[in-house]
Amino acid sequence: YEIAGPLETVVLGADVLILAGADPLGDFPELSEAFQSVKFLAVLELSMSPTAEIADVVLPVAAFTERSGTFTSAERRVQIFHAAVDLRPGVLPDHTLVAMLGRRLGIELSENAPKTFARIGEIHPTFKGLTYDVLSSVQEQWPIVGGRSKYFSGTVAANSLGVGARLPLVGEVKKIAVKLEKHLEYSSKKL
């Protein structure tokens, strides 16, 4: 994807803006004037946020515990997560809401999480070749998990749902040296 420009420039005077999974006014209150200039603001949100408060319409979305899908961690591991509880009445997963909005706009999107993930893999080269089957593969882990000892494994539950996949680094990795001007002293005496 490409960044369209500074957020304020993109938002200022927009005819329609649909936000999902973000609260820009909560993070950047100085953008209030730009967001007030949007002709129609729709927000897909779990709870009332500063951005949702000024929206023309707020579409309630399911919490992560109520839906299934994938996530990518800060260490670039892509994993599947599964719903832990049933959906509350009146809410839908965000990918389902986006697909429904897309249909109204003449864009065909899937409401099915695995199909949505497969489509991302077709479009974004970083996710190429990743599927729910790949993410669900189970392999031996170290330390060994699912044993009798929680001390070594952290859990007595065996992983039967898959460990996911790790994305490659993008760009080059540079090592840097940091010199501390002030030496840190450690003392074990009680305060």
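In which helix is Thr51 found? Thr51 belongs to helix 4, which spans residues 50-53, where helices are DSSP runs of H or I of at least four residues and strands are runs of E of at least two, numbered from the N terminus. The structure is a predicted model, in which local features need pLDDT of at least 70 and side-chain atom pairs count only at pLDDT 80 or more, while totals for chains, interfaces and linings use all residues. Residues are numbered from 1 along each chain as its sequence is written, and side-chain values use heavy atoms, with hydrogens and water left out.

With a relative accessible area of 0%, Thr51 is buried (buried means under 20% relative accessible area, exposed over 50% and partly exposed in between, for a 1.4 Å probe and protein chains only). When residues up to four places away in sequence are not counted, Thr51 touches Leu19, Asp23, Pro24, Leu25, Gly26, Leu41 and Val43, a contact being defined by heavy atoms within 4.5 Å. Val43, with its neighbours within four places likewise left aside, is in contact with Thr51 and also with Leu19, Ala52, Ala55, Val57, Val58 and Leu59.

Val43 is also among the residues with the most contacts inside the largest nonpolar core, which has 13 residues, and Val11, Leu17, Leu19, Phe35, Val38 and Leu41 are listed with it. Two or more residues of this core come from each of strand 1 (16-20), helix 3 (32-36) and strand 2 (40-45). A nonpolar core is here a set of buried Ala, Val, Leu, Ile, Met, Phe, Trp, Tyr and Cys residues joined through side-chain atoms within 4.5 Å. A second, separate core of 10 residues includes Val78, Ile80, Leu130 and Ala165.

Aromatic pairs were assigned to rings of Phe, Tyr and Trp (its six-membered ring) with centres within 6.5 Å, planes under 30 degrees apart counting as stacked, over 60 as edge-to-face and the rest as tilted; by this rule the count comes to 3. The ring centres of Phe117 and Phe127 lie 6.2 Å apart with their planes at 85°, so this pair is edge-to-face. Because Phe117 lies in helix 6 (residues 113-123) and Phe127 in the loop between helix 6 and helix 7 (132-135), the pair ties together parts that are 10 residues apart in sequence. Phe117 is buried at a relative accessible area of 4%, and Phe127 is buried at 15%. Phe117 also forms an edge-to-face pair with Tyr132, at 6.0 Å centre to centre and 65° between the planes.
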